[in-house]
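Dear colleague,

Please find the structure below for your records.

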Amino acid sequence: MQPSIQLSKDELRKNKPAREDYLNQPKLPLVVVLDNVTNSYNVGSFIRLADAFAIEKIIVCGQLTISEKKLRKASRNEAKWVCIEYSDSTTASLQTLKEQGYGIFSVELCHESVDYKAVTYPSPCVLVLGNERKGVSEAALQLSQQQIHIPMFGMGNSLNVSTAGAIVLAECAHQLRSTV
């Protein structure tokens, strides 16, 4: 009988810190700001991404219409490992981060946006992602150092916000980890 190709849960946990130590470990100096992203499954996906990449925090901005139960289900209970802040104002949150020295990049196809892979992300860094229908707000775009986009080679013009976030977050996190 051949051994299993897949890793067991115990094998996956082997190189991870103890759960009680994890929250106190330093995180990647990367913040995701969700600009009026209201779908619980998208917010839950971002929580899982934040945990996967061990980023500093997520700031959920705007009217929150998500039930705690749906959020827990969508994030698969990984919210306990992620710093999540809530804010009524995307612009106020971004202004504070900017004053703290964060580089701000909005994921939005704009007149001046560039391919997300063509950017050198600074540390610390903020990625702003917007509402599925409306995108990143004009005010948030104006506070951004650069607008970035994912090139689309098919007939569609956009991706689901959590899918787009995963793609850009992977590149940004990779660059930041390479410089540490």
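How many disulfides does the rule give? The count is zero, where a disulfide is a pair of cysteine sulfur atoms within 2.5 Å.

This is a predicted model, in which local features need pLDDT of at least 70 and side-chain atom pairs count only at pLDDT 80 or more, while totals for chains, interfaces and linings use all residues. Residues are numbered from 1 along each chain as its sequence is written, and side-chain values use heavy atoms, with hydrogens and water left out.

Cysteine 83 takes part in no disulfide, as the nearest cysteine sulfur, in cysteine 61, lies 13 Å away. Cysteine 83 is partly exposed, because its relative accessibility is 38% (buried is under 20% relative accessible area, exposed over 50%, partly exposed in between; 1.4 Å probe, protein chains only). The sulfur of cysteine 125 is 3.9 Å from that of cysteine 172, its closest, which is too far for a bond. Cysteine 125 is buried, at 0% relative accessibility.

A nonpolar core here is a set of buried Ala, Val, Leu, Ile, Met, Phe, Trp, Tyr and Cys residues joined through side-chain atoms within 4.5 Å. The largest has 31 residues, and those touching the most other members are Leu30, Leu34, Ile58, Tyr121, Leu127 and Ile148. Leucine 127 has contacts (heavy atoms within 4.5 Å) that include Phe105, Tyr121, Ile148 and Cys172, leaving aside residues up to four places away in sequence. A second, separate core has 14 residues, among them Val31, Cys61, Ile104 and Leu143.

Kind regards
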